[in-house]
Every structure is written in structure tokens, then in C-alpha cells.
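Visitor: I am new to this structure. Please show me how to read it.

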Amino acid sequence: AAAEDKMNDERDASSIYGKEMQIFMGLLIFLTVNGRICDLQEVLVRYVFHVSIYSDCTSSIMSWSRWIAIAFVIGLDVCFIVFQIACIHRDRYLLSKRQELWGRGAYFQWAVLRVYMVVVLGIFSGWQLLRISRQMRNPAYRDSFLLELSDPGMVGDTSMMMPLYSVHLTFLLEGVYVYTSGHIFLRHLQDCDSVWAVTWSLCYLLLVLSVTLFDCNISQAIRQGYRGNSRLQFRCLHLTCRASEIMCRVLICTAAKLGRHPFSDFVVLGSIMDYLVGLCALCCASRAFTWKGMFVSIPLFGANLTLFADEGPLAASARGCTRALDASRGLLLFMAMLAFSEKAHHVHSGTQVADRYLVHRSLGCLAALVSSSVAFLSSRHLLSTYSNALTDPTKEIGSLNEPPAGESLFQDVHGSQCCCQRGLVDVLFAKGLGDQMVSLLEVFHDRGDIRLSRLEFVHKLGEGGFGKVFKVLDIRNRQLQALKLQRRDRVGAIAVREARVLHSVSHPFIVQLLRIFKTPGFYAI
């Protein structure tokens, strides 16, 4: 009964980020990427070629710190475009279409298709719209072949419910743009045109929605609140909490770039200390220092991802990490308030030479920081009150160490009960991984003659104590094959021994071994 309750709870969590939200998030990603490209293109034209569409804009000098920020954002966007092109290149449908055109001798159409894939789908992020259309036609669609196999309609498992987008990828792309753009409003108001305003608002919205949906995936109390009688109030409080928290972080980053000012320097040092506190808290919670901890510490700097983590044995370590971050970020918030107030005072008293509107903008940032802090603390307190009221203290929550009925082959790879046994970092990494990041990992491990990107799922043949067998179609040569997947943490030696035996025998009643390969989580035969 406990296992059935947990599976129902995971199904309810998956409905929170259902098909409509998937479509909306994909559309947001398409708009934000193209908006950043347009905004950065306008900035480069204005400051490199000294051409502006605004007659009252005379500034053609930009600080080196802003050049570094722009170069960093451009580099991240280029990496994302390259990643999209890699995913497009390994897409099964487009691969079969290219092979069909090449086989028919339609070389011109083949070349047009390749240009369409690189320019339209890759550079202009049309890949996101293509994924949306596929998701509308087939809710079980996944970029990743392994995630497609783990769909509940195919293998009867709900632990693999995962959004198509990635929270971590969102923080790496939109987070940098959002957190570094607050300085433009304060010091470069002439650059705050409509393109910048719309792009920044969309990136900010995408960031807030990503964190809220991450909370739904990692917190049982949040899921219960979304299903309760006061679900509308709870969702508004949840969105307010995360939106105000991210706004506080944006304004703190703005305070760190006020120029040569003692309190601004303190904010810079405090930000470095805050990142180190988050990294050390993650390492202490997981009792290890790993590359996953380094990776998760980046989105943790933008928002406290452990704030609502309450599942099983991870609740205590998440609370400890939250307390450490509350202490460091409270001190950082106080220093940012002092930096804004002192900046406005120096400009108003004539100590610093600046435009007459700088004092008003500094006071506006100070007021926004105070109001965002109050909104964050109050909404967080109300969420805690709602969660305590919704949680039944007499109901015993099953331990995450006990897998539900029909334990999935995929649980240990992308956010599972076994991950929870290893530490908090593994769960935070897995819950925010998303289909895009899983596809990225498969790109680096997809080598050889038989690739996951060339296999198409037909149906499941069977399962046993060590793995599951699927009937798949190799779209390159249209051959039907059997694919056996086994988790590496369980049956590594057994999989290798089985492959050696199959390779050494040749019999008409024994299946022929084509290839054995491995992914980050599986041995595949």
C-alpha cells in the first residue's frame, strides 16, 4: 500500500508539469534564446561599430566588466546552439530522412535539409518548436532513447517522470543573463530598450518556473499543496516565494557591480563566500567532494534548491544546507542594502559625479531589494504553515530506501531511490537533469556502429532479475534487434561474462551478439 501511494504521488507530481507546461516552457526557451541573440547583436552594433538607432544615445564606451559578461553570455549561447545541433544530428527521424534522401539520389534536397537543421533548427532554436510539435502529437516523446524506454506507457514505471527541459541547463543559460543584466538598468539606462526588457522578462519568467517545477519534483509537501483545496493560493505563494528570491539575487549581483565602493567590494566578497558556503554544505551533506557537487553549486548560487527538499532521509541534510545558506545570504543581503544606500548618498551629496537619475535608480533598487526580501520571507513562512497543515503527522512516509512495486531499471540513473542513499548532491543533480541534459550525456557516450540515436523502440520483450529486453529497430539498415539493458551498479561483472559467452558461441538456437557497449548508467547488449 505504501508503494502504491508513492507511485500515485509521483503520477500527481508529473501532472503538475504536464503537456501544456512542457509546451509553454519549450516556447519560452525558443523566445529567450532568440531574444538574447537580438539583444547582443544590437549591443555589438552599437559599441563596436558605433551605430545606434537612437538619436539621443551618444555613449560608445563600455566597461571591461560588461564586455566580459557579454562575452560569457555569447559563449554560453554558442555552446547551447552547438548542443542543439548535436541533438538534431542524432535525432532518429531526421537521420532516417537524410538516409532516405541520400539513397534516392536527392542530393539537393539532402543539402537543403542539412542547412535547415543547422540554421533554422540549430542557430535560431527551431529545434524547441519541433520538440513542442512532437510532444503535442505524442505525449510519450523523448529526445533521449533511454528516457523513451522508461516512459510509463512502455515499461510501467513512474519514477522516471522528468520534464523535457533541464533546470540546471536553464540556470547556466538564462541565469547568467538575468543576474548580470541588473547592472544595465542602473548604469547603462540607454541600453534598456524594448528588446532588452522583453528578453530579460522572459528569461526571468523561465528561471522562476524552472525552480518552482524543480520544487514539485523534489518536495512531497509542495506536491500535496498543489493538490489541496487551496491549491490556487498555494501556487501563488510558491511562485511569489521563488520570484522574490531570484529578484533578491539579481539585485545583490547588481550591488556587487556598483563600481569602486567599499560596500560593493564587501558584496563581491560576500558573494564568493556564499558560493563557497553552498559548495561546502553540499559536500558535507553528501560526505564527498565530487564533480556533481561542483555542478549543482552553480544553480544553488542562484536559488536555494534545498529549501523544500523533504523526501525521506534527505530532509535532515537539506535543512542543514538551508540553514547555512540562510546565514550567509542574510549577511549578504544586509551588505547589499548598505551598498545601495551609500551609493545613493554619495551621488546625492556630490561625492561622486554621475547623472542625476542615478540616485533615484539606486533608491529604487534598494526599495525593490527590501520589498523582495519581505515578500520572500513572508511567502516562505506561509508556505511552511500550509505544508504543516497539509501534512498528516499520523501518516508514515515510506523510506526512499524501499523501492516501490515494479522497481525500474532506470531508477539509479536519473533521480532514484538509490541516488538518495548516496547523498543530497545526487538527488539535486538528478531531479534537475532533464531530457536535454540526458541527451547531452548520451551524445558523449554514443559511439560505434550501433548507437542509441539509431535505435527506435518497438515494444518490450521481457524482463528479469538483472535487466530488461526491448525489441528495437535499427533505422540505418531497418533490422530488428533485441536490446538488453542492465544497470552498471548491479550486474557489471555478470554483463561482461554474458557478453563473452555469447561472443564465443555460434548456434542457430542462440542469439547472435552484435555489440556490447555502455552508457553512464547501463551496460547494453
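Guide: Start with contact, which means heavy atoms within 4.5 Å. This is a predicted model: local features need pLDDT of at least 70, side-chain atom pairs count only at pLDDT 80 or more, and totals for chains, interfaces and linings use all residues. Residues are numbered from 1 along each chain as its sequence is written, and side-chain values use heavy atoms, leaving out hydrogens and water.

Visitor: Which residues does Arg36 touch, not counting residues up to four places away in sequence?

Guide: Arg36 touches Val73, Asp77, Leu173, Glu174, Tyr177, Thr199 and Cys203.

Visitor: Where is the place of Arg36?

Guide: Helices (H or I, at least four residues) and strands (E, at least two) are DSSP runs, numbered from the N terminus. Arg36 lies in helix H2, residues 19–48.

Visitor: Is Arg36 buried or exposed?

Guide: Buried means under 20% relative accessible area, exposed over 50%, partly exposed in between (1.4 Å probe, protein chains only). Arg36 has 0% relative accessibility, so Arg36 counts as buried.

Visitor: With which side chain does the side chain of Arg36 make a polar contact?

Guide: A polar contact is a pair of N or O atoms within 3.5 Å; within protein, one must be able to donate a hydrogen and the other to accept it, and residues adjacent in sequence count only if both atoms are side-chain atoms. The partner is the side chain of Glu174, at 3.2 Å.

Visitor: How many helices and strands does the chain have?

Guide: The chain has 21 helices and five strands. Of its 525 residues, 52% count as buried. Among contacts with a separation of 6 or more, 71% join residues 24 or more positions apart.
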